[in-house]
Amino acid sequence: KLMENNKISRQEKKRKKKLELLEKELLEARGEEGKKVKEKFFTEATKIVFTIYFRVLKSFPRSKLMGSVLEGLAKFAHVINYTFFSDLISVFQGLLTADFLSHRDSLLVVSTVFTILSGQGEALNIDPASFYKHLYNSLFSIDHIKTHEDLPLALQAMYDMLIRRRKRVSKARVLAFCKRLGTLSMQLAHHGALASLGLLRQLVNTHTAALQLLDSDHEVGSGVFDPSVQDPEHCSASNTTAWELSLLSNHYHAPTARIAQHIAAQCPASGELSLPQDLKKEPLELFTTFTMEDMSFNPSIKPPAAAAAGKRKGGKRGPATPTTIATNLATIPLDDQNINFFKAYSLTKPVKTNVD
């Protein structure tokens, strides 16, 4: 009986092992089928979505859906079929010349174009000069109040056009955009200025020609720098310097001042003016890390020390309330129903006496 039990247990073990192997193979087969089904559905859904995008672009360019269409194209430009690239770029050129797009939509157009040209469309023989010019002229439309949240789109477009396509960019364009980035940083909130300087640091490290903007003794070519020239190729940016960095080095936000000093020192890898690790981030990451959305500084700013009460002029004063304001106004004398502030000030001003 013991021998028979041993034989049965061995047979059951072999049978269980075979069943486990079969189940494993079945699960793998089901998983492969599931992946194929998912890929099929994803392909069909993508075709339908892009059909809607292209229909809106060609037939309804003034539709309110244009913003959503451009955001979708900018996000999924890497999965667009190669055969559509030329038609898409020609449509985008027409949209920019029509001049009815909003500022954000025009930035989305430029961002989409350079996402295409820096990816699968790199082999296309297309001159994107009009898109360079449009972005160069629209950068100063980004301000601290209304359009500050559009800055990441502009920075991403510049990253694609100047760094990912660095072998196809002329020296004049690189210098013009570096100069414009420095000037743009002067009119932004601190997290926007920090992100812009982060991209400027990457440009200086990528293009050695940009170092001449940091040297006030470099040889000057023909012409005078003119920021009002619309074409970055012909604004003579080689005849100027990035003097904005000297002002940004005294910025109220310590990390912004630190990165400005780092760039002005030609981006040293070590030493006193080298960057700490938390500032060696991508520009978009710097923008979100140091944002003011929660109404607080990062890092927090130390409040000024309270002055001694005896050293304050006039001593301690209570808070200004409607009652105290009304009482103070009632004590001011009237001259012909008009308040004489000079007379009131001379009456309340303390008289200095000379003490021997």
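**Salt bridges and burial in a predicted model**

Colleague: Why is R164 called partly exposed?

Modeller: R164 has 42% relative accessibility, so R164 counts as partly exposed; buried means under 20% relative accessible area, exposed over 50%, and partly exposed in between (1.4 Å probe, protein chains only). This is a predicted model, in which local features need pLDDT of at least 70 and side-chain atom pairs count only at pLDDT 80 or more, while totals for chains, interfaces and linings use all residues. Residues are numbered from 1 along each chain as its sequence is written, and side-chain values use heavy atoms, with hydrogens and water left out.

Colleague: Why is D160 called buried?

Modeller: The relative accessible area of D160 is 1%, and D160 is therefore buried.

Colleague: What makes R164 and D160 a salt bridge?

Modeller: Their side chains meet at 3.4 Å, N to O; the term requires a side-chain nitrogen of Lys or Arg within 4 Å of a carboxyl oxygen of Asp or Glu. The two residues are four apart in helix α6 (residues 151-164), and so are separated by about one helical turn. Helices are DSSP runs (H or I, at least four residues), numbered from the N terminus, and strands are runs of E of at least two.

Colleague: How do you know that E244 and K179 form a salt bridge?

Modeller: The N to O distance between their side chains is 2.9 Å. E244 lies in helix α9 (residues 244-248) and K179 in helix α7 (residues 171-184), so this pair ties together parts that are 65 residues apart in sequence. Both residues are buried.
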